[in-house]
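Hello,

Here is the structure I said I would hand over. Please look through it first; my notes on what was found follow below.

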Amino acid sequence: MDLNFSFFFSNFPELTITGLAFGAIYALIALGYTMVYGVLQLINFAHSEVFMYGTFACLWFTMAMVGDGNPGGVKTLAILLGALLAAMAMSAVVALILERVAYRPLIKRNAPRLIALISAIGASFVLAELMGLRDRVAGWVGLDDDLRDYVGRARINNSMPNIVDNKVLFQVGNADVRMVDLIVIISAVVMMVAVDQFVRRSRLGRGIRATAQDPETAALMGVNSTRVIQLTFLLGGLMAGVAAFLYMLKIEVTKFDAGFLLGVKAFTAAVLGGIGNLRGALVGGLVLGVVENWGSAILGTEWRHVVAFVLLVVILLFRPTGILGESLGKART
Amino acid sequence: MIRTTRSWRIAAAAVAAGLTLAACGTTDDEGGDSDSESAAGGDAACDVSLAFFGPQTGPAAGLGQPIIQGAQLAIDQYNADAECEVGYELIDSQGSPDQAPSLATEAAGNEAIIGVVGPAFSGESDAAGPIFAEAGLPTISPSATNPTLAENGWDTFHRALGNDATQGPAAAKYIAETLQAKSVFVIDDASEYGAGLAGIVEDELGDTVVGQDTIQVGDTDFSATVTAVTSSKADTVFFGGYYAEAALIVSQLRDRGYEGTFVVADGVKDPGFLEGAKDAAEGTIITCPCIPAEDPAVADFAAAYEEEFGEAPGTYAAEAYDAANIFLEGIATGIDNREDLLTWVNEYDEQGVTKQLKFDETGEPADVHVYAYSVEGGEIVSDQEIE
């Protein structure tokens, strides 16, 4: 195994920046995992599909709006904004449906967490395969011909029209910082701060924290637990939608099983930062993205995934509660 | 609501009984086929089938489709005049070596199948090869190019195209002589096909290679690889792998301002590459042991293909057509079992549409050609034959 340190050091700024960009996407998806875990002690395995549906909403909206032409300036901005909203809406809707169909019946009956976990895994497969078989589903309602561009080639990569000119904005050291990477990092941080502030300061946010800390007492204090759970899923879904939009901006390609690996990595990021801790999701995501890139540079890209999971194991060995430790319920006001 | 334990037990027993009956039903069908004899009066064999083994669905489905259709054309042309029609089974491996062994076992167990056009990919050929060899089921692959496949001593293995031991050096020759590259970065996808081919190209290019990286199939973010390429200042990149990853890699390379030439091989020669990479695909060089559709030798085939399927023949359609025809000519003489068909294939020596079809003891074709294609104006156009 030859360790390519010279390459790593000479390209350190570029590797770190691109690592932060992908890490920001992990962080936004991780937020969904960490919030649901904080409130329900449930690992929402289907969250990866919430993300994946968001990427498709973004793709379809852009395809519908762009057609063949290449819009300029203001129109591009409007389309991007629309795509972002479409992704957020789709992810939020899928998250809410998930909560209603896959989890609420179990939570109401006080089912063991293991059962909810199995339901989550099942829901994940159902959602992913539905997307992968969308051409058949469209066929049932006779729309597969009209919607061919959208539902065709259902199991392979679908790519989004490229409407953003990814120019270099400035340089750090010898690395070019490009527009898309910067947008991704800044958007993720802004969204994280927004969610964090919402949970810490608003009344609804206080309800979430209360339910996370002690569901029964919170109910006694007048917190509507069903509403809180819905809100948790909604927030996680909205953030996954933002992640989906940023992912499509950067990678421009999606597939029905695109959620799987990203979901596993995002969950890893959530645990890395401290499961149940919102800021932990941000830290975990960014750290994971950066370390993955560094590892790829030093060892070769084939070691990318190995590096990510070795990092997880090492951190948990020394700090079992994750980097930032404390959970949602115990967050100080 | 079913609440009592007794109801659950009855239901479970019913399900078990149903499953057993269903399994019995399937075995009966296969038993029927193996009992049939070839017609005493007619020349050609009856109640036989050929099978396609490869990606009908999955991430590389685009590469399977032309092969399915190429063989289909040959079979349809045969069946038009035949007394006994030859059946055509499609075995979908999704191009992955994971499912290949169990699917191969199933195919080997189906006595009606006496010849396989495929497996399409090198990974699955490696996984399914021993099973076909043991069952004595002759296979002719129109597209699997890893050279080591022929070195396993499988009597049943044949391929209708040049392998990477010719494609690799041809690609390296094109890079060194036609492109006159001074520094090459080699990327592979760790697959049997991609890693094998990239390894050969790397060996052939020797000192010209300034860097190497391996990616994983299914990855979407290649920023570390792109950084490695740009920092190595290579003027050419060679990628051994399939079109899904190739599209993403070239997109991300161009996105970060890389202007060198991107060279790939037959696994990328698919419209899926153009769709995935869009403008970034422009100027990509693709090598392939597959004959261009405009070549006069395949003109009749191309016209018939276009008439039946409404599109120009895709990658390896002509080779699949040749492979199927080898089997069909054997069936026309009355061969109805695997052993005789295998002998027929081993002794075959005729001109097909793509080349003179004659296999040596390891299953390699005697006559091989490698062609270069390039992406121009959003289309894959043929460039030249690499001598």
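In this predicted model, A:Met35, A:Gly38 and A:Val39 of helix α2 in chain A touch A:Ile208, A:Thr211 and A:Ala212 of helix α9 in chain A. Of the residues in this contact, four are nonpolar, two are polar and none is charged. Helix α2(A) covers residues 12-40 and α9(A) covers residues 203-213. Their axes come within 6 Å and cross at roughly 55 degrees.

Next, the interface of the two chains. In it, 26 residues of chain B are in contact with 32 residues of chain A. The size of an interface is often given as the accessible area lost when the parts come together. Chain B and chain A bury about 2,500 Å² between them, and 45% of that is on carbon and sulfur atoms. Which three residues supply more than any others of the area that chain B buries against chain A? They are B:Asp221, B:Arg256 and B:Lys278, which supply 24% of it.

B:Lys278 also takes part in a salt bridge: its side chain meets that of A:Glu252, at 3.6 Å from N to O. Across the interface of chain B and chain A there are four salt bridges by the rule used. The rule for polar contacts finds 16 residue pairs there, counting pairs with both residues at pLDDT 80 or more.

On the side of chain B that touches chain A, the elements giving two or more residues are β7 (209-214), α7 (223-232), α8 (243-255) and α9 (271-277) of chain B. α7(B) gives the most, with seven residues. By type, the residues on this side of chain B divide into six nonpolar, 13 polar and seven charged.

Some backbone details in chain B are also worth a look. Most residues other than glycine have a negative phi, and most peptide bonds are trans. The bond that joins B:Gly118 and B:Pro119 is a cis peptide bond, with omega about -10 degrees. B:Pro119 is in the loop between β3 (113-117) and α4 (122-135) of chain B. B:Asp47 is a residue other than glycine with a positive phi, near 55 degrees. The place of B:Asp47 is the loop between α1 (5-35) and β1 (49-54) of chain B.

Last, a glycine. B:Gly136 sits in the loop between α4 and β4 (139-141) of chain B. Which residues does B:Gly136 contact, leaving aside its neighbours within four places in sequence? They are B:Thr156 and B:Arg338. B:Gly62 is 74 residues from B:Gly136 along the chain, and their C-alpha atoms are separated by 29 Å.

Regards

Terms used
Residues are numbered from 1 along each chain as its sequence is written. Chains are lettered from A and ligands numbered from 1 in the order in which they are written. This is a predicted model: local features need pLDDT of at least 70, side-chain atom pairs count only at pLDDT 80 or more; totals for chains, interfaces and linings use all residues. Side-chain values use heavy atoms; hydrogens and water are left out. Axes are lines fitted to C-alpha atoms, for helices over the stretch in contact, and angles run from 0 to 180 degrees between N-to-C directions. Helices (H or I, at least four residues) and strands (E, at least two) are DSSP runs, numbered from the N terminus. Contact means heavy atoms within 4.5 Å. Ala, Val, Leu, Ile, Met, Phe, Trp, Tyr, Cys and Pro count as nonpolar, Asp, Glu, Lys and Arg as charged, and the others, Gly among them, as polar. Buried area is the accessible area (1.4 Å probe) that two parts lose on being put together, summed over both. A polar contact is a pair of N or O atoms within 3.5 Å; within protein, one must be able to donate a hydrogen and the other to accept it, and residues adjacent in sequence count only if both atoms are side-chain atoms.
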